[in-house]
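Okay, thanks for coming, everyone. I'd like to walk you through one structure today, so let me put it up on the screen.

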Amino acid sequence: MTPFDYTRAEGSAAAVKQVSGSAKATFLGGGTCLIDLMKLHVENHDLLVDITPLPLDRIEATAGGGVRIGANVRNSELAHDATIYKNYPALSEALLSGASPQLRNMATVGGNLMQRTRCPYFRNGFSPCNKREPKSGCAAKDGYNRSHAVLGVSEHCIATHPSDMCVALIAFDAVVKTHGPKGERAIPITDFHLVPGDTPDRETVLEHGELITAVELPAAPWAMRSHYLKVRDRASYEFALASAAVALEVVDGVIKTARVALGGVATKPWRAADAEKSLVGQKPGAPAFAATAEMATKGVAPRQFNGFKVALVRRVIVRALETVAAMK
Amino acid sequence: MSPDQDIDSAADRREFMEGVAVGGIGVAFAAALPITATADEPVPPARGPGQPVPVKLNVNGTDHDLKLEPRVTLLDALREGLHLTGSKKGCDHGQCGACTVLVDGRRVNSCLTLAVATVGRKVQTVEGLADGDVLHPLQLAFIKHDAFQCGYCTPGQLCSAAGLLKEGRAKSDDEIREEMSGNICRCGAYPNILVAVREVRQGALKEKP
Ligand SMILES: Cc1cc2nc3c(=O)[nH]c(=O)nc-3n(C[C@H](O)[C@H](O)[C@H](O)COP(=O)(O)OP(=O)(O)OC[C@H]3O[C@@H](n4cnc5c(N)ncnc54)[C@H](O)[C@@H]3O)c2cc1C
Ligand code: FES
Ligand code: FES
């Protein structure tokens with residue numbers, strides 16, 4: 001790591017001011033992504049503002065029947081929260097499928113939303129990578145791209161978004177609350193992450209120095225019947241090759257509400273909105289689920305080594321939907 | 001070239017080599033570190049970011065006054081600054097668990113934790129598990145069940161298992177396996193680690209001898 005100064009935030013406004021005031025300053029959460037990337041010299045900063053002392057560590061009910069999750073809530077705390085476990089089970093499952101118990105004890109909700117790709121060409125610090133060094137090219141496109149994305153890709157970047165948590169959040173219509181240099185705003189998570197397009201270095205809509213303060217989940221009674229399924233190269237402590245967060249509300253034998261969100265296969269947490277719509281009004285079962293899986297993968301653009309992900313994610317969707325349909 | 005620059009460029013080369021082994025779990029070489037062991041040395045005049053700062057670490061119940069650059073990780077501060085070499089550096093990137101310690105009773109990877117960020121908190125390492133000469137039940141169970149071969153991952157396994165017991169969630173063998181999955185063992189001692197952790201969890205060794 002290159003040398004940097006460290007300071008503890010004394011209030012959200014002060015932290016925002018400190019970071020927005022210097023291009024080489026940034027927020028420090030659990031450090032599991034940032035310190036890793038600074039050791040690799042993929043990121044270099046002069047000042048880290050530790051935001052973990054800020055009182056953004058509560059999980060509380062909202063007036064509308066939803067839940068407000070502070071940005072500093074640790075991933076392990078959120079996963080084991082009784083309300084989340086009961087009302088949004090796919091979120092607990094997604095969190096518990098990520099990283100390791102130690103890392104989940106460190107990782108914050110804000111940091112997880114902002115975590116960066118595990119693309120080896122991004123991480124190695126020297127390959128052409130438009131995300132790390134704009135206009136340098138993309139070594140992954142014609143390199144060993146087995147772990148890369150098949151959805152939301154561009155000419156300039158095919159890096160997979162690594163987060164499990166975000167896949168569940170996007171299925172539940174989460175809203176990201178921020179405090180920035182220009183004030184506060186609420187950003188629907190579907191708008192929060194950006195597909196790479198021709199600016200893969202821009203990964204979210206956040207401005208420099210804009211602090212995530214909370215994530216809100218709206219009331220969603222149907223979310224009790226949700227599930228996160230993750231397929232990976234080993235049984236634990238590994239990123240997804242393909243994953244799905246799904247939910248179903250079935251009334252009188254017919255699907256009234258459906259959610260299908262995908263991880264491990266796309267450049268951002270992926271909501272398959274058309275596929276969801278195709279389920280509404282159908283009887284839950286193999287034919288409808290297979291058609292939905294097909295629709296969710298419309299427009300895939302596999303490269304040399306990641307074509308298997310197309311079939312894999314379809315099966316993940318079907319199996320996850322079958323699991324939810326069988327829930328009492 | 002100043003000695004400081006020397007240290008930096010050596011660190012740069014090391015990190016570059018690690019970067020080449022992307023995705024894998026490489027063994028890092030012990031690095032020369034920007035650590036000063038005592039707090040009463042004169043502070044050099046400011047020359048850019050990253051000047052050493054006083055850091056009071058509470059480790060295994062004892063306060064230590066160090067002067068560290070903010071970029072020094074808890075793992076390096078423990079090993080190089082306090083010579084508590086029980087905690088191991090396997091990958092230095094959160095990928096192996098060899099550096100696991102408890103901070104305020106919660107297991108974390110000390111390689112991704114900044115030492116300055118733990119000021120005011122209680123750090124427990126493998127050296128602090130035993131009660132004097134009386135080994136912790138987990139240590140006894142690891143010996144009894146031969147739960148290690150080379151022993152490199154063992155301090156991390158022990159601290160992680162201590163965290164697991166505190167959390168109190170893992171009950172079945174599958175749950176213990178999953179909850180211990182943040183600790184890689186290159187020797188593959190997993191079956192015996194499982195037996196040792198299971199035995200302590202079940203309270204067989206609850207009474208200290
Ligand atoms: C070995 C390993 C395996 C992993 N496996 C998985 C996995 O299987 N699935 C998975 O989903 N993840 C996995 N992760 C990633 C992990 O979930 C993230 O590193 C973690 O969630 C990041 O949170 P943090 O608090 O540590 O962030 P930090 O490292 O502290 O910060 C990350 C980024 O977010 C910014 N930031 C932090 N908080 C805020 C805020 N409140 N507002 C604005 N910006 C903020 C920081 O400035 C920084 O840019 C793994 C990580 C490692 C090291
Ligand atoms: S040294 Fe491998 S996880 Fe810290
Ligand atoms: S005992 Fe050798 S690495 Fe685990």
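**A walk through the two chains**

Let's start with a proline: if we ignore its neighbours within four places in sequence, Pro52(B) is in contact with Lys67(B), Leu68(B) and Glu69(B). Before I go on, keep in mind that this is a predicted model. Where does Pro52(B) lie? You'll find Pro52(B) in the loop between strand S1 (35-36) and strand S2 (53-59) of chain B. Take Glu69(B) from that contact list: Pro52(B) and Glu69(B) are 17 residues apart in sequence, yet C-alpha to C-alpha they are 4.0 Å apart in space.

Asn60(B) isn't a glycine, and still has a positive phi of about 50°. Asn60(B) is placed in the loop between S2 and strand S3 (62-68) of chain B. With a relative accessibility of 28%, Asn60(B) counts as partly exposed.

Look for Asp173(A) in the loop between helix H9 (165-171) and S6 of chain A. Asp173(A) counts as partly exposed, at 30% relative accessibility.

Now the overall plan of chain B. How many helices and strands does chain B have? There are 6 helices and 6 strands, and reading from the N terminus the order is α-β-β-β-α-β-β-β-α-α-α-α. Of the 209 residues in chain B, 50% count as buried. If you take the contacts in chain B with a separation of 6 or more, 60% of them come from residues 24 or more positions apart.

Let's look at a pair of helices in that chain. Helix H4 (residues 154-167) of chain B packs with helix H6 (residues 190-201) of chain B at an angle of about 35°, and their axes are 11 Å apart. The crossing of H4(B) and H6(B) is right-handed. Which residues meet there? From H4(B) we have Gln157(B), Ala161(B), Leu164(B) and Leu165(B), and from H6(B) they meet Ile193(B), Val197(B), Val200(B) and Arg201(B). Sorted by type, the residues of that contact come to 6 nonpolar, 1 polar and 1 charged.

There's another residue in H4 of chain B worth a stop, and that's Ser160(B). Ser160(B) counts as buried, at 0% relative accessibility. Beyond its neighbours within four places in sequence, Ser160(B) is in contact with Gln102(A), Thr100(B), Arg107(B), Met180(B) and Asn183(B). Also, the C-alpha atoms of Ser160(B) and Val101(B) are separated by 7.3 Å, although the two residues are 59 residues apart along the chain.

Gln102(A) on that list takes us to the interface. The contact takes 40 residues from chain A and 43 residues from chain B. The area buried between the chains is about 3,300 Å², and carbon and sulfur atoms give 53% of it. Which three residues supply more than any other three of the area that chain A buries against chain B? They are Lys39(A), Gln102(A) and Tyr237(A), which supply 21% of that area.

Last stop, the helices of chain A. In helix H1 (residues 12-20) of chain A, the buried residues are Ser12(A), Ala15(A), Val16(A) and Val19(A). Those four sit on the same side of H1(A), because they cover an arc of only 100° around the axis. The buried residues of H1(A) pack against strand S2 (25-28), strand S3 (47-50), strand S6 (175-180) and strand S8 (211-217) of chain A.

Helix H5 (residues 89-96) of chain A is mostly covered, with 6 of its 8 residues buried. Those buried in H5(A) are Pro89(A), Ala90(A), Leu91(A), Ser92(A), Ala94(A) and Leu95(A).

And to finish, Val167(A), which is in helix H9 of chain A. Val167(A) counts as buried, at 1% relative accessibility. Leaving out neighbours within four places in sequence, its contacts include Tyr228(A), Ser243(A), Ala245(A) and Pro269(A). Val167(A) and Trp270(A) are 103 residues apart in sequence, but 6.8 Å apart in space, C-alpha to C-alpha.

Key:
Residues numbered from 1 in each chain as written. Chains lettered and ligands numbered in written order. Predicted model: local features only at pLDDT ≥ 70, side-chain atom pairs only at ≥ 80, totals over all residues. Heavy atoms only, no water. Axes fitted to C-alpha atoms, helices over the stretch in contact; angles between N-to-C directions. Helix = DSSP H or I, 4+ residues; strand = E, 2+ residues; numbered from the N terminus. Left-handed = near helix turned anticlockwise from the far one by under 90°. Contact = heavy atoms within 4.5 Å. Nonpolar A, V, L, I, M, F, W, Y, C, P; charged D, E, K, R; others polar. Buried < 20%, exposed > 50% of the residue type's maximum accessible area, 1.4 Å probe, protein only. Arc of directions from axis to C-beta. Buried area = accessible area lost by both parts, 1.4 Å probe.
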